[in-house]
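Please open the structure in a viewer and keep the sequence at hand.

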Amino acid sequence: MEEFVWAVYCNGRKMGYSIRRKSLSEDEIHVMQLLRGVSMGAGVLPPAGKEAAAAVDGGGEVTYIRARFERVVGSKDSEALYMINPDGAAGAELSLFFVRAH
């Protein structure tokens, strides 16, 4: 995960690119603080700060998923994260693939 830019695939569909950053924005810090006590789950967080007052029609909301993932390194050019199913059923419900963008 030391690479700066990765192509991202979610359940086999290309979703875009992921860029590693060195610091978090204020909004990202707010989200991480809200999710600090959440060990597993999914949901929607309301907008924070200035966006909360201006939010109309769901604007500014953040959809999140928090779960345990298994990390698999395929090669120096690819890595994958497989969401671990908490009830022990076989197979991953969500797969994220990172491919080095050349």
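A search of the whole structure finds 2 salt bridges, a salt bridge being a side-chain nitrogen of Lys or Arg within 4 Å of a carboxyl oxygen of Asp or Glu. The model is a predicted one, in which local features need pLDDT of at least 70 and side-chain atom pairs count only at pLDDT 80 or more, while totals for chains, interfaces and linings use all residues. Residues are numbered from 1 along each chain as its sequence is written, and side-chain values use heavy atoms, with hydrogens and water left out.

**First selection: the salt bridges**

Select E79 and R71, whose side chains meet in a salt bridge with an N to O distance of 2.9 Å. E79 is buried, with a relative accessible area of 9%, whereas R71 counts as partly exposed at 48%. Here buried means under 20% relative accessible area, exposed over 50%, and partly exposed in between, with a 1.4 Å probe and protein chains only.

Next, select R100 and D77, which form a salt bridge with their closest N and O atoms 2.7 Å apart. R100 lies in strand β7 and D77 in the loop between β5 (69–75) and β6 (78–83), so the pair ties together parts that are 23 residues apart in sequence. Strands (E, at least two residues) are DSSP runs, numbered from the N terminus. D77 is partly exposed, at 24% relative accessibility.

Display the strands in the order β2-β1-β7-β6-β5, which form an open sheet of 5 strands with antiparallel pairing. Two strands pair if DSSP finds at least two bridges between them. Which strands are at the edges? They are β2 and β5, each of which pairs on one side only. On average, neighbouring strands of this sheet are turned by 25° against each other, direction ignored; the axes are lines fitted to C-alpha atoms, and angles run from 0 to 180 degrees between N-to-C directions.

C10 has R13 in β2 as its bridge partner. The hairpin of β1 and β2 has 2 residues between the strands, and N11 takes a positive phi near 50° there.

S18 is found in strand β2 and is partly exposed, with a relative accessible area of 25%. Its C-alpha atom is 5.7 Å from that of V5, a residue 13 places away along the chain. Not counting residues up to four places away in sequence, S18 touches F4, V5, W6, V8 and F98, where contact means heavy atoms within 4.5 Å.

Select W6, V8, L81, L96 and F98, the 5 residues of the largest nonpolar core. Such a core is a set of buried Ala, Val, Leu, Ile, Met, Phe, Trp, Tyr and Cys residues joined through side-chain atoms within 4.5 Å. The elements that give two or more residues to this core are β1 (5–10) and β7 (95–100). Apart from neighbours within four places in sequence, L81 is in contact with residues including F69, R71, L94 and L96.

**Last selection: confidence**

Colour the chain by pLDDT, the predictor's confidence in each residue from 0 to 100. The mean pLDDT of the protein chain is 78, and 80% of its residues reach 70 or more. Over residues 53–57 pLDDT stays under 50, and the model has 1 contact for them beyond four places in sequence. Where pLDDT is low, the predicted coordinates should not be read in detail.

Technical notes: Helix = DSSP H or I, 4+ residues; strand = E, 2+ residues; numbered from the N terminus.
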